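Q: Please take a close look at one part of this model and then relate it, step by step, to the rest of the chain. I would like the cut-off behind each term stated once.

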Amino acid sequence: MWNSKCQWTLRRDRPLEEAALRAALARLIDRHPALRVRLADPMRLFDATQKAFSVFELWRAQRRRARRSAPTPRGPLQRLTAALSDAALGAVQWSFRRAWPRVASVPPRIVCPCM
């Protein structure tokens, strides 16, 4: 996931007209579909998914600590349990990465080319 910050500074020796800035930003948004993206799922699904991510991260951290302190599995049942645990972790990670968030791009506005 992208975590960078966008920090822009505009310096001018005189005030910028609000209408000009709005028109420039509208054209920029119309040109770039990524700037028109919105969530396609309801907000309560977003909240529930974030809670599930939190629980999943806590589980992963606990699992890492337990693995460091536990002896290497030796018996066939212990190895099978470890393999199933790894498979479950892989399946959950795969589903989180592929299933959410769903986004949709809003169609561009029709802008007069004379603007």
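A: Val106 counts as partly exposed at 34% relative accessibility, a class that lies between buried, under 20% relative accessible area, and exposed, over 50%, using a 1.4 Å probe and protein chains only. The model is a predicted one, in which local features need pLDDT of at least 70 and side-chain atom pairs count only at pLDDT 80 or more, while totals for chains, interfaces and linings use all residues. Residues are numbered from 1 along each chain as its sequence is written, and side-chain values use heavy atoms, with hydrogens and water left out.

Val106 sits in the segment after strand S2 (103-105), where strands (E, at least two residues) and helices (H or I, at least four) are DSSP runs numbered from the N terminus. Once the neighbours within four places in sequence are set aside, Val106 is in contact with Arg36 and Arg38, contact meaning heavy atoms within 4.5 Å. Val106 and Arg38 are 68 residues apart in sequence, yet their C-alpha atoms are 7.3 Å apart in space. For the protein chain, among contacts between residues at least 6 apart in sequence, 79% join residues at least 24 apart.

The protein chain that holds this segment has three helices and two strands, arranged from the N terminus on as α-β-α-α-β. Of its 115 residues, 10% are buried, and the chain exposes about 10300 Å², of which carbon and sulfur atoms supply 61%; accessible areas come from the Shrake-Rupley method with a 1.4 Å probe, and for residues only the protein chains shown count as cover.

Helix H2 (residues 43-69) contains both Arg60 and Glu57, three residues apart, about one turn of the helix. These two form a salt bridge whose closest N and O atoms are 3.4 Å apart, a salt bridge being a side-chain nitrogen of Lys or Arg within 4 Å of a carboxyl oxygen of Asp or Glu. Arg60 is partly exposed at 23% relative accessibility, as is Glu57 at 39%.

The structure also holds one aromatic pair. The rings of Phe56 and Trp59 have centres 5.9 Å apart and planes at 40 degrees, so the pair is tilted; rings of Phe, Tyr and Trp (its six-membered ring) pair if their centres lie within 6.5 Å, planes under 30 degrees apart counting as stacked, over 60 as edge-to-face and the rest as tilted. Phe56 and Trp59 are three residues apart in helix H2, about one helical turn, and Phe56 is buried at 8% relative accessible area, whereas Trp59 is partly exposed at 36%.

Helix H1 (residues 18-31) holds Glu18 and Arg22, four residues apart, about one turn of the helix. They form a salt bridge with the closest N and O atoms 2.7 Å apart, and the structure holds two salt bridges. Glu18 is exposed at 52% relative accessible area, and Arg22 is likewise exposed at 58%. Leu21, also in helix H1, is partly exposed at 34%.
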